[in-house]
Amino acid sequence: MLVGFVGSGNMARALALGFGEPALFTDHGSGRAASLAELVGGEAVASNRELGERAELVVLAHKPAQLEAVAREVGAAPVVLSLLGRVTVEQLAAAYPGAQIVRAMPNTASAIRAGVTCVCGAELAEVEALLERVGTVVRLEERLMDAATAVSGVAPAYLALVAEAWIDAAVGQGIPAAQAAVLVGGALAGSAALLQARDMDTLAVRREVTSPGGMTARGLRVLEHAGLRSAFADAAAAVAGPSTT
Ligand SMILES: NC(=O)c1ccc[n+]([C@@H]2O[C@H](COP(=O)([O-])OP(=O)(O)OC[C@H]3O[C@@H](n4cnc5c(N)ncnc54)[C@H](OP(=O)(O)O)[C@@H]3O)[C@@H](O)[C@H]2O)c1
C-alpha cells in the first residue's frame with residue numbers, strides 16, 4: 001500500500017522510519033519532505049493534490065488547524081489515517097467525504113518500532129498491520145482518544161524529562177555524566193522490561209526493592225511528598241482537558 005504523508009515533521013518522520021518502506025511526502029515549504037524522502041526512500045511530491053491522486057493511504061501529519069485547507073488541496077482520498085490531535089472522526093469525515101477514516105494517536109517511539117498507537121474509526125486490516133509494524137496498537141473508544149494522547153502520545157517527552165532530572169541527580173551525587181546516562185538508560189529500559197514481564201504488577205515490583213525502613217523506602221517517600229502522583233494526574237488533565245490553542 002503506497003503511503004503518502006501530508007506533512008514531513010517529527011511524527012511523519014517517526015512513522016515513515018518505522019514503516020520502513022518508500023512513501024510520498026509533502027511539506028509547507030521547509031524542504032523537510034525532500035530530506036525525509038532521501039532518508040526513508042520514496043519522493044517529495046510537488047503538491048498535496050498530487051499526493052492525494054497517487055497515495056493509497058493518505059496520512060495527515062500536519063497540524064490540526066490545517067485540516068480544511070489541506071483537505072481542499074488533497075481532494076478525494078480513498079483511505080485517510082489522521083494523526084491530528086483532538087480532531088474527531090466526524091470532523092475528518094466532513095473534510096474527506098467518502099473516505100474511510102482511521103484516527104490514530106501514535107508516539108515518536110514508532111521510529112524504532114517500539115511505539116504505542118491508539119486507534120479508533122474504521123477497522124481496516126491493512127492499516128492496522130502497518131501500525132502494528134511500528135509497535136503496539138490499542139483500539140479505543142473515540143471519547144478516550146484525548147486521554148490516550150495524555151498517556152502515550154506525550155510519553156517520549158515525559159520520559160526524556162524524567163531521565164534528564166535523574167541524570168542531573170546522579171551527577172549531583174558525584175557520578176560523571178556519561179556514566180550517569182548509562183545507569184539511568186539501563187534503569188529505565190530494564191525496569192520497563194521487568195514491569196512488562198510481571199504484567200505491570202507495580203506493587204509487587206516495588207515491594208521487592210523496598211525493605212521496611214530501608215534506603216528505597218526513604219527515596220520513595222521523598223518522591224511521594226514531592227507530589228509525583230499529583231504531578232502525573234495534573235499533567236494528564238492539562239493535556240486531555242479543553243484546548244487552549
Ligand atoms: N510529535 C509528536 O510526538 C506527535 C504525536 C502524536 C501525534 N502528533 C500529531 O502529528 C501531527 C504533526 O505533528 P508534528 O509534531 O510532526 O508537527 P511538525 O513537526 O510541526 O510537522 C508538521 C508538518 O506539517 C507540514 N505542513 C504544514 N502545512 C502543510 C500543508 N498545507 N501541506 C503539507 N504539509 C504541511 C509542515 O511543513 P513544513 O515542514 O514546511 O513546516 C511540517 O512538515 C500533529 O497533528 C500532531 O497532533 C504528533
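Helices (H or I, at least four residues) and strands (E, at least two) are DSSP runs, numbered from the N terminus. With that in hand, welcome to the tour. This is a predicted model, where local features need pLDDT of at least 70, side-chain atom pairs count only at pLDDT 80 or more, and totals for chains, interfaces and linings use all residues. Residues are numbered from 1 along each chain as its sequence is written, and side-chain values use heavy atoms, with hydrogens and water left out.

**The whole chain**

Start with a cartoon view of everything. The C-alpha trace spans about 65 × 35 × 35 Å along its principal axes. Of the 245 residues, 36% are buried; here buried means under 20% relative accessible area, exposed over 50%, and partly exposed in between (1.4 Å probe, protein chains only).

**Two loops with a positive phi**

Now select Met200, in the loop between helix H9 (177-197) and helix H10 (202-209). Its phi is positive, about 60 degrees, although Met200 is not a glycine. Most residues other than glycine have a negative phi. Met200 counts as partly exposed because its relative accessibility is 49%.

Next, jump to Arg86, in the loop between strand S5 (79-82) and helix H5 (89-95). Arg86 is not a glycine either, and its phi is near 70 degrees, a positive value. With a relative accessible area of 31%, Arg86 is partly exposed.

**An enclosed space**

Stay with Arg86, which is among the residues lining the largest cavity. On a 1 Å grid over the protein atoms alone, a cavity is a set of points where a 1.4 Å probe fits but cannot get out; a pocket is an open set with protein on both sides within 12 Å along at least five of seven lines, and lining residues have an atom within 4 Å of a point. Grid points are joined across faces, edges and corners, and a volume is the space filled by probe spheres set on the points. The largest cavity has a volume of about 30 Å³. Strand S6 (100-105) and helix H7 (145-153) each supply at least two residues of its lining.

**An open pocket**

Helices giving at least two residues each to its lining include H1 (10-19), H2 (32-40) and H4 (67-74).

**A nonpolar patch**

Which residues form a nonpolar patch on the surface? Select Leu159, Val162, Trp166, Leu223, Leu228 and Phe232, which together have about 550 Å² of accessible area. Helix H8 (155-172) and helix H12 (228-240) each supply at least two of the patch residues, and H8 gives the most, with three. Val162 lies in H8 and is partly exposed at 35% relative accessibility.

**Two cysteines**

Finish at Cys118 and Cys120. Their sulfurs are 9.3 Å apart, too far for a bond. A disulfide is a pair of cysteine sulfur atoms within 2.5 Å, and the structure holds zero of them. Cys118 is buried, at 6% relative accessible area, and Cys120 is buried at 3%.

Technical notes. Patches are made of residues with over 30% relative accessible area and no salt bridge: like charges are joined within 9 Å, nonpolar side chains (Val, Leu, Ile, Met, Phe, Trp, Tyr) within 5 Å. Accessible areas come from the Shrake-Rupley method with a 1.4 Å probe; for residues, only the protein chains shown count as cover. A salt bridge is a side-chain nitrogen of Lys or Arg within 4 Å of a carboxyl oxygen of Asp or Glu.
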